[in-house]
Amino acid sequence: MIQPISKLSLAQLPDASIHYIDHFLTMAEANALFEDLQQNIPWKQDPITVFGKTFPQPRLTSLHGHTQDPYTYSGITMQPHPMTASLRLIEKKLKQYTEKDFSSVLLNLYRDGKDSNGWHADDEASLGINPVIASVSLGAPRFFHLKHNKDSSQRFKLLLEHGSLLLMGGQTQHCWKHQIAKTAKHVGPRINLTFRKVFRSN
């Protein structure tokens, strides 16, 4: 059973370091950024292969960074676009809040409830050990699901709201998986920005 979890209970999850800040951006900031990113980001829909079958990803994506280093996940290699003014604004606020440096941001546009992101962890070797992932949500709220890799009783969901920040660090990506599930409910578009530091392979 998937249990709703409060932002205060996140700190008690085993083998994880997760914090949720519901008003990371003001409503005015969040509204303006959502409109700008939805209209001006070069969104695309990459094909993804699962269990030998290839189909369009159920969402739109775009990668942006400070370098030209590509980022590979789930068999997809993305080439980064330059950071836009809006992305640099969010990054600056993240730096002030987290004191962390990020090199790139992966954007996901969920157009409606049919768009999703299946169970996965941000544990690619290029992210290093115990990566810090800063996830900013804009637009329609969607549930963020978590499940522990070894303890099947540890399954939770958290509603990610417009203008919020979810910080994941420590062992989270090695011990937990997460997803944005499809929903039959009518929901509007949502943009998720996951800032991370990508290390060059030797």
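Accessible areas come from the Shrake-Rupley method with a 1.4 Å probe, and for residues only the protein chains shown count as cover. On this basis the protein chain exposes about 10500 Å², of which carbon and sulfur atoms supply 54%.

The model is predicted: local features need pLDDT of at least 70, side-chain atom pairs count only at pLDDT 80 or more, and totals for chains, interfaces and linings use all residues. Residues are numbered from 1 along each chain as its sequence is written, and side-chain values use heavy atoms, with hydrogens and water left out.

The protein chain contains three helices and 16 strands (DSSP runs numbered from the N terminus: helices are H or I of at least four residues, strands E of at least two). Its radius of gyration, taken over C-alpha atoms, is 16 Å, close to the 17 Å of the globule rule (2.2 Å times the number of residues to the power 0.38) for 202 residues, so the chain is as compact as a globular protein of that length.

| Property of the protein chain | Value |
|---|---|
| Span of the C-alpha trace along its principal axes | about 40 × 40 × 35 Å |
| Buried residues (under 20% relative accessible area, 1.4 Å probe, protein chains only) | 48% of 202 residues |

β1 runs parallel to β13 (residues 155-160), joined by two bridges. Gln 3 stands opposite Phe 156 in β13.

Technical notes. Buried means under 20% relative accessible area, exposed over 50%, partly exposed in between (1.4 Å probe, protein chains only). Two strands pair if DSSP finds at least two bridges between them.
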